[in-house]
Amino acid sequence: MTALTGRIGHIDWRGPKVVGIVGIALGVLAFWIVLPPVTTRSPLLSILIGILAIFAGIWSVSRDEKRIGFGAVAAGLAGIFFGVLATYSSTTNLSAVVVWSSLIAATLRYATPLIYAAIGGLYCERSGVVNVALEGMLLTGAFFGIWTIIWAHSWAGSWAWVIGLTGAALAGMALATIHAVWSISLKVDQIITGTALNFLALGITGYIFIDKYGSSGTPGNITDYGIPDIHLNFLQNWYFIGPILGQLNLMIWLSWVLLIGTYFFVFRTPYGLRLRSVGEHPRAADTVGISVYKVRYVAVIASGGIAALGGAYLSIGFVHSFNENMTQGIGFIGLAALVFGKWRPMMTYAATLLFGFCSALADRLPTAYGDQWGTLFQALPYVLTIIAVAGLIGRSVGPAAAGRPYDKQ
Amino acid sequence: MSDELLSEEFEETPTPTGPLGGSSPQQNFVSRYGSKAGGALGPVITTIFAFLMAGIAVAVVGKNPLKVYRSIFDGTGLNFFAHFGSYSIRLPFSTQHVWFWWDTSSIAAMNLQQTLLITTPIILTAVALGFAFRCGLFNIGGQGQYLVGAYFAVWIGTSFVNLNPFLHVLACLVIGSLAGAFYAGIAGLLKATVGAHEVITTIMLNWTAIWVGEWLFGQQGPLQNTSQPAIPISNTIADGAKLPIFWGPKLLQGLSIGIFISVGMLVVYWVVINRTTLGFEVRAVGFNPEAARYGGVSVARNYFLAMAISGLFAGLAGALDITGWEYQIGQLDIPVSQVGFIGLAAALLGRNTAVGIGFASLLFGALINGTSGRQLDPSVFSPDLAGNLTTIIQGLVILFVGLNLTTLVSGGVFRRRRRAT
């Protein structure tokens with residue numbers, strides 16, 4: 001706590017960083033005022049606020065705060081663009097799409113599998129092992145979660161979801177163990193192993209799924225005993241917060257616990273320091289007596305378990321069924337969020353929220369504007385990530401030793 | 001021995017240039033996947049091993065693996081070559097007939113046409129991956145480049161309806177290839193200028209291509225067909241934009257001359273890599289970027305060129321599929337298409353050599369055709385299961401081809417580590 005207040009005490013309120021952040025906020029504001037509930041109908045105001053945001057951005061870029069500064073410029077431009085666009089749209093259409101509380105609740109639902117995938121990837125890549133198999137781990141979790149929950153339902157009743165989560169995590173860890181053996185001990189290229197595991201996961205889950213459930217699909221009554229929602233009845237009447245937080249799935253709450261836990265583990269404990277040192281400079285870590293192989297094995301296997309939990313949320317917490325290749329790139333969006341968030345937990349979480357918001361918006365847009373614009377929004381996370389690694393909004397540089405097998409001498 | 005020394009040297013000099021940790025690991029994978037050491041033995045053992053493992057999966061669901069494999073093999077049409085006899089075929093562009101020793105109208109022949117049809121794009125996506133690989137780049141975005149090539153081929157093919165047929169089909173192929181080159185070039189440019197890791201960028205470009213395609217050909221999309229607004233599919237390309245079909249029925253997916261273009265590109269690949277300055281520089285950069293830089297080779301330029309040329313091949317694959325037999329593209333086909341990734345498996349299995357890629361592509365093309373719903377008898381094995389079996393085999397092949405199984409069996413990998421400590 002003292003560390004926190006200490007850091008706040010050192011903020012230079014007229015420094016370029018703060019001005020840049022204000023610029024970003026202004027850019028968001030430029031868009032926000034044209035949306036319900038405010039719904040300004042004149043484009044002039046959002047253009048003015050957007051220009052202010054751009055000036056704030058330019059000012060902080062000129063004071064060497066490039067990352068946040070360019071972010072503010074981009075936010076200003078986007079604010080003007082979308083703000084003007086929205087004023088051309090009818091108020092009824094706008095209010096059909098923009099219902100903030102349900103949009104935010106949907107954002108949380110879409111962001112949750114992403115955050116599990118991204119946190120899983122964070123442990124793996126922080127230890128110096130690239131993980132492009134997140135997609136496969138998610139899919140494995142999704143399938144084995146639903147398989148074990150159906151099996152456990154007959155004897156565990158309404159607690160079957162505990163078994164389901166356990167089964168999913170174990171399956172994910174099994175898959176990750178292959179990744180660990182191949183990339184750490186056998187020193188095969190980590191990206192190739194990851195690609196192979198994606199195929200294996202796709203093939204194996206599809207194979208067992210067809211064999212077990214075939215054309216009829218998974219049973220429809222999983223809704224009754226899937227991962228429970230947490231009903232907070234006392235929140236029900238609170239303005240705005242009630243509809244968002246009142247009825248969230250248990251896994252969403254767990255994801256926040258995981259997120260905060262990960263932040264403290266990776267940056268505030270000696271174990272986290274070891275993890276990071278192995279990912280940045282394994283030889284140095286080895287010299288001071290850290291077992292590089294052991295740390296990497298633990299990190300990679302844990303990564304598989306965590307990512308699989310995200311898959312389990314998807315199948316037994318959210319849609320309550322399974323289909324072949326049901327993750328459809330969610331694991332890769334998780335990887336994108338990790339890159340976008342520069343391998344840091346909180347920024348990664350912000351990225352998953354942004355990407356989740358894209359999906360939520362893509363879901364809502366068709367109600368008023370037809371399918372096709374929603375589809376384009378699905379591509380936005382990937383485009384943003386390309387822009388991020390290109391360095392336009394602050395360069396994304398990962399752990400130094402990621403991708404390289406370590407040879408003990 | 002030299003491989004070992006080089007990879008150890010890289011351990012000592014961490015040069016973080018990209019988000020995944022720089023260009024160093026390529027040293028390892030170029031020597032591991034690109035060398036001819038061990039020849040065809042390693043890949044053959046890998047393939048047999050993968051089929052054995054998949055055979056276990058078949059046995060687990062209570063089917064006889066040998067029977068299933070036999071049925072898949074019959075569906076591939078490769079048994080065509082076992083049917084000798086005395087037949088005649090018509091010479092192209094004439095009415096003359098000449099003696100031929102295989103029956104070109106048997107069922108096996110029709111199956112073989114389908115296998116070769118599927119093999120055509122796999123060869124090209126495999127060459128695409130192989131070319132980038134030789135430069136030390138892992139172009140995992142073959143799928144996206146393939147799709148972009150297909151989109152542009154559909155666009156050109158449905159647009160200029162009254163064009164001269166030869167020019168029209170040529171325009172489809174050239175613009176499709178260039179679109180693929182441009183798309184991969186984005187990743188190449190980012191790698192060359194800011195060092196963004198090509199794996200991250202190409203994965204993102206893949207998914208961007210998929211969603212943009214769903215938008216283009218979906219309902220009310222700009223390239224959706226004009227006659228049936230409820231069906232999310234493109235218009236059929238003009239007859240002039242279709243490649244000539246030389247074997248099999250014209251209306252039932254006969255084999256187009258695309259297979260010759262594809263095999264021709266294998267030759268081009270071999271020549272460019274082994275007999276040109278460009279190929280030499282690309283290989284030099286792939287083998288050791290630092291040494292190449294000291295030798296006066298522009299690493300950045302070669303990164304960009306290798307990616308763009310790689311995308312050229314993948315884009316051509318997409319354009320050939322459109323002009324050769326698909327003739328249109330449906331929204332629902334886009335996310336399930338796996339051609340780029342099968343090419344990846346074929347390139348790795350073929351160790352990035354032209355001949356190896358040819359055989360590996362044929363293997364995967366045959367496997368996909370043999371396990372498809374239209375070839376495999378459901379009473380022998382469900383095609384749905386068989387499709388997943390193909391994916392499993394593909395995964396196993398990629399997983400095990402990187403291990404040199406022969407050395408692993410003799411304990412080579414583990415022994416080497418003990419000696420090093």
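**Close-up 1. Helices H14 and H15 of chain B cross at roughly 135°.** The axes of H14 (residues 339-349) and H15 (residues 354-370) of chain B come within 8 Å; axes here are lines fitted to C-alpha atoms, for helices over the stretch in contact, and angles run from 0 to 180 degrees between N-to-C directions. That angle makes H14(B) oblique to H15(B), since under 35 degrees counts as roughly parallel, over 145 as roughly antiparallel, 65 to 115 as roughly perpendicular and the rest as oblique. Helices (H or I, at least four residues) and strands (E, at least two) are DSSP runs, numbered from the N terminus.

This is a predicted model, where local features need pLDDT of at least 70, side-chain atom pairs count only at pLDDT 80 or more, and totals for chains, interfaces and linings use all residues. Residues are numbered from 1 along each chain as its sequence is written, while chains are lettered from A and ligands numbered from 1 in the order in which they are written.

**Close-up 2. Here's who meets whom between H14(B) and H15(B).** From H14(B) come B:Ile342, B:Ala345, B:Ala346, B:Ala347 and B:Leu349, and they meet B:Ile357, B:Ala360, B:Ser361 and B:Phe364 of H15(B). Being in contact means that C-beta atoms, placed from the backbone, lie within 7 Å. Sorted by class, that's eight nonpolar residues, one polar and no charged. Ala, Val, Leu, Ile, Met, Phe, Trp, Tyr, Cys and Pro count as nonpolar, Asp, Glu, Lys and Arg as charged, and the others, Gly among them, as polar.

**Close-up 3. Chain A touches chain B.** In this view, 54 residues of chain A are in contact with 54 residues of chain B. Helices H9 (190-212), H16 (330-340) and H19 (371-390) of chain A each supply at least two residues of chain A's side. H9(A) gives the largest share, 14 residues. By class, this side of chain A has 29 nonpolar, 17 polar and eight charged residues.

**Close-up 4. A:Val61 sits in helix H3 (residues 43-62) of chain A.** A:Val61 counts as buried because it has 20 C-beta neighbours inside 10 Å (buried takes 20 or more, exposed 12 or fewer, partly exposed in between). Leaving out residues up to four places away in sequence, A:Val61 touches A:Lys66, A:Gly69 and A:Phe70.

Key:
Contact = placed C-beta atoms within 7 Å.
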